[in-house]
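Please look over the sequence and the model shown here, and then read the points below, which are grouped by topic.

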Amino acid sequence: MAIRIKAIREEFEAACTDGCVYGYLRGKRGLYVYAELGSEKEYIPSPNDEPMTEYRIFVSCNAYFAKTKDQLANGEFEAEYLPDVTVIIYC
């Protein structure tokens with residue numbers, strides 16, 4: 001399973017293997033995300049990618065979700081999290 005997280009430029013550039021990233025997961029629920037990153041791999045572009053958008057991919061990540069930025073900042077995550085997930089960050 002892969003999730004796509006929109007990150008601000010600073011988070012996107014600072015992301016590294018075994019690091020972490022904060023961002024936003026678009027969709028029906030629209031959640032804020034904290035992801036513990038695994039190994040970075042080469043990103044292979046997809047036909048659905050937005051032009052003028054940069055992408056990076058990490059495997060074996062753990063993703064935690066919060067409904068608000070404040071909850072995210074305070075580490076108040078939802079009960080469920082996704083272990084061992086692939087994370088694609090973009091900005």
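**Cysteines**

The sulfur of Cys20 lies 8.1 Å from the closest cysteine sulfur, which belongs to Cys16, and this is too far for a bond. The model is a predicted one. Because a disulfide requires two cysteine sulfur atoms within 2.5 Å, the separation of 8.1 Å rules out a bond between Cys20 and Cys16.

- Across the whole structure, the search for disulfides returns zero.
- Cys16 takes part in no disulfide, and the cysteine sulfur nearest to its own is that of Cys20.
- Cys20 counts as partly exposed, at 34% relative accessibility.
- Cys16 is likewise partly exposed, with a relative accessibility of 39%.

- Leu37 is found in the loop that runs between β3 (31-36) and β4 (39-41).
- Its relative accessible area is 5%, so Leu37 is buried.
- When neighbours within four places in sequence are left aside, the contacts of Leu37 include the cysteines Cys16, Cys20 and Cys61.
- Ala15 and Leu37 are 22 residues apart in sequence, while their C-alpha atoms are 8.0 Å apart in space.

**Aromatic residues**

- The structure has eight aromatic pairs.
- The ring of Phe12 has the charged end of Arg56 over it, at 5.6 Å from the ring centre.

- Asp49 is located in the loop between β4 and β5.
- With a relative accessible area of 15%, Asp49 is buried.
- The side chains of Asp49 and Tyr43 make a polar contact at 2.9 Å.
- The side chain of Asp49 also reaches the backbone nitrogen of Ser46, at 2.9 Å.
- Apart from residues up to four places away in sequence, Asp49 touches Arg4, Tyr43 and Tyr55.

**Strand pairing**

- Strand β1 (residues 2-6) pairs with strand β6 (residues 81-90) in the parallel sense, over five bridges.
- Ile3 stands opposite Val87, a residue of β6.
- Strands β5 and β6 run antiparallel and are joined by seven bridges.
- Ala63 stands opposite Leu82 in β6.
- In a regular strand, side chains alternate between the two faces of the sheet.

Note on methods:
Residues are numbered from 1 along each chain as its sequence is written. This is a predicted model: local features need pLDDT of at least 70, side-chain atom pairs count only at pLDDT 80 or more; totals for chains, interfaces and linings use all residues. Side-chain values use heavy atoms; hydrogens and water are left out. Helices (H or I, at least four residues) and strands (E, at least two) are DSSP runs, numbered from the N terminus. Buried means under 20% relative accessible area, exposed over 50%, partly exposed in between (1.4 Å probe, protein chains only). Contact means heavy atoms within 4.5 Å. Rings of Phe, Tyr and Trp (its six-membered ring) pair if their centres lie within 6.5 Å; planes under 30 degrees apart count as stacked, over 60 as edge-to-face and the rest as tilted. A charge sits over a ring if NZ of Lys or CZ of Arg is within 6 Å of the ring centre and within 35 degrees of the ring normal. A polar contact is a pair of N or O atoms within 3.5 Å; within protein, one must be able to donate a hydrogen and the other to accept it, and residues adjacent in sequence count only if both atoms are side-chain atoms. Two strands pair if DSSP finds at least two bridges between them.
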